[in-house]
Amino acid sequence: MAIECLVLGSGQDVGKSCVVVTIGGKRVMFDCGMHMAYQDQRRYPDFSRVLAATGAPDYTSAISCVVITHFHQDHIGALPFFTEVCGYHGPIYMTYPTKALAPFMLEDNRKVMVDRRGEEEQYSYEDILTCMKKVTPIDLKQTVEVDKDLIIRAYYAGHVLGAAMIYAKVGDAAMVYTGDYNMTPDRHLGAAQIDRLKLDLLITESTYAKTIRDSRHAREREFLKAVHKCVSAGGKVLIPTFALGRAQELCILLDDYWERMNLKIPIYLSAGLTLQSNLYYKMLIGWTSQKIKDSYTVHNPFDFKHVCHFERSYINNPGPCVLFATPGMIFGGFSLEVFKKWAPSEKNLVALPGYCSAGSIGHKLMSGKSTGIDYKDTHIDVRCQIHQLSFSPHTDSKGIMDLTEFLSPKHVILVHGEKPSMAFLKERIESELGMPCYFPANHETVSIPTTQNLKMSATERFITSCAAEQTKDRLQQGNLICGNSVSEVNGSEKLAEGILLMEKHKKPKILCEDELLEALGVERHSVQFEPMASARIGAADDSEELQQADADDLESEGKQMKL
Ligand SMILES: [Zn+2]
């Protein structure tokens, strides 16, 4: 049996994660993401390749199930398109928080595309709702039987609320698809956690394949220092974030700092999803970090003391403040509106948490100091300070290596990364961990051989025959001869030779030599080989040279016979 892995998205790239894995006739689609950098058909995975590869008439018969790891658009953005436009009607799984939060994220993204960018609508809000109704929510570590052969299980991935790594097993073949994960806890989420599983294949993200991150505390201190300095001098701080994730992380950090330093300057959340999403965090407290879970009965850290709602009219208010505004990266919407107002003053600060994609104002600000930005038809005067924070919810290269070593799969496939860094990590995985590693491009297929385990019974006589002398008695006395292997009784591994008997409609069995003879109804017999060399030596009296040559042959023949 082999595991076939067709990469439809996130191959040597970050965006539209989608990997279709075939194991023992079952086909699982891991993630169904959208590429945010494209506005044409390249934004979706090329699903038709699944039909072309399988010859199936439609997606429902081609795919056994779809599993979504988390609510980020590059992992779920194409799902309503796949179900409502392409017509997939099979099972879809995601964790409870992902199912709860995904409709908001999908609708928010749809509005940005259609209302703000004026793009053609790919799917409607009704399509999102109909699609989400088809989703079966799952819990962590819950074993789900998709059908009698295929099981899946979700493990905690950190990263964002509800993110999961997915284990899938068919027969003896098993694999894990990580999605995005974080191996270190942050202020609101725990670190990824998974059991030590026996795996043929690990498909892991590799966003930071080459980077080892510095300490979180140093980054946090630096951020707090920059914010404190700005507001003490009477400036305003704009933090453009997406509704879920960094906003909550940084709110906890600032609220705590404000309390300790007894600061009275207001911290605001803009309208949009942020206040509503804090409610979700409160409801889904079980999915946050251990520290939050332990303390939330006394104090829920999402009940912020110093954080309040921002009214649009506050934009022109004098005096210092901190404002979280959506969307992140400043690619439109309210964060852009505020940026236009606040950027011309050198007293103000724009703090950019995390990655900003090309084309956004955030990306331009990160690329270098400029005094002005031209965006669409307007020129924005930029004199404010810029602070870049590296708060990333992805694991770094040490985390990827640690997880891979811990799981010790037979093969590794890297996705969700940049090609040169992936090549670097592949080298490390192969040389340091000794595992074959691949990083296929989009639309490439990797075929992984799997080992097949065969269950068989060993006869009592066989087990006794290969046990050491002193254990034979104990085996018989303790009645351990059935059900336990000799190695367990001995406490150490023991190699034994036997004969595998496979009969139609019967369980394979291992026998001793004489048991096989009995089964075959034959007696032991031996075949003797007589070397014919002496006769040849006697007959060959033509020349001495020939005799010598024959003698050499005989010597080597003799050695082989002895062996
Ligand atoms: Zn993600």
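Predicted model: local features only at pLDDT ≥ 70, side-chain atom pairs only at ≥ 80, totals over all residues.
The phi of Gln 12 is positive, about 50°, although the residue is not a glycine.

Ser 10 is found in the loop between β1 (2-9) and β2 (18-23). Ser 10 also has a positive phi, near 70°, and is likewise a residue other than glycine. Most residues other than glycine have a negative phi, and most peptide bonds are trans. Is Ser 10 buried or exposed? Ser 10 is buried, with 28 other C-beta atoms within 10 Å.

## A cis peptide bond

The peptide bond from Thr 326 to Pro 327 is cis, and its omega is near -5°. Pro 327 is found in the loop between β15 and α11 (333-342).

## The largest nonpolar core

The largest nonpolar core holds 126 residues. Within this core, Val 19, Ile 166, Met 175 and Val 237 touch the most other members. At least three residues of the core come from each of domain 1 (2-212 + 393-442) and domain 2 (216-389).

Which residues does Met 175 contact, leaving aside its neighbours within four places in sequence? They are Ile 3, Val 21, Ile 23, Ala 168, Leu 199, Asp 200, Leu 201, Leu 202 and Ile 203.

Ala 168, one of the contacts of Met 175, is a buried residue of β9. Strand β9 (residues 164-170) is mostly covered, with seven of its seven residues buried. On one side are Ala 164, Ile 166, Ala 168 and Val 170, and on the other are Met 165, Tyr 167 and Lys 169. Both faces of β9 are therefore covered, as all of these residues are buried.

Strand β8 (residues 150-156) runs antiparallel to β9 and is joined to it by seven bridges. Ile 152 has Ala 168 in β9 as its bridge partner. Strand β10 (residues 173-177) also pairs with β9 in the antiparallel sense, over five bridges. Here Tyr 167 has Val 176 in β10 as its bridge partner. β9 and β10 form a hairpin with two residues between them. Gly 171, in the turn, has a positive phi of about 60°.

## Helix α7

Helix α7 (residues 216-232) has 17 residues, which at 1.5 Å a residue should span 24 Å. The C-alpha atoms at its ends are 24 Å apart, in agreement with that figure.

Phe 223, Val 227, Cys 230 and Val 231 are buried in α7. These residues cover an arc of only 95° around the axis, so they lie on the same side of α7. An α-helix has 3.6 residues a turn, so residues three or four places apart point the same way. What covers the buried residues of α7 includes β12, β15, β16 and β19 (385-389). The face turned away from the buried side carries the exposed residues His 217, Ala 218, Arg 221, Lys 225 and Ser 232. Just after α7, Gly 234 takes a positive phi of about 85°.

## Strand β12

Strand β12 (residues 236-240) is among the elements that cover the buried residues of α7. Five of the five residues of β12 are buried, so this strand is largely enclosed by the rest of the structure. Lys 236, Leu 238 and Pro 240 point one way from β12, while Val 237 and Ile 239 point the other way.

β12 pairs in the parallel sense with strand β15 (residues 321-325) over five bridges. In this pairing Ile 239 stands opposite Phe 324 in β15. β12 also pairs in the parallel sense with strand β16 (residues 349-353), over two bridges. Leu 238 stands opposite Val 350 in β16.

## A three-stranded sheet

Three strands form an open sheet in the order β23-β25-β24, with mixed pairing. β23 (457-458) and β24 (499-501) stand at the edges with a single partner strand each, so one side of each has no neighbour in the sheet. Strands of a sheet pair through backbone hydrogen bonds, either parallel or antiparallel.

How many bridges join β24 to strand β25 (residues 509-511)? Three bridges join them, and these strands run antiparallel. Leu 501 stands opposite Lys 509 in β25.

Methods. Residues numbered from 1 in each chain as written. Core = buried A, V, L, I, M, F, W, Y, C linked by C-beta atoms within 7 Å. Buried ≥ 20, exposed ≤ 12 C-beta atoms within 10 Å, placed from the backbone. Domains from an automatic or database assignment. Contact = placed C-beta atoms within 7 Å. Pairing = 2+ DSSP bridges. Helix = DSSP H or I, 4+ residues; strand = E, 2+ residues; numbered from the N terminus. Expected span 1.5 Å × (residues − 1). Arc of directions from axis to C-beta.
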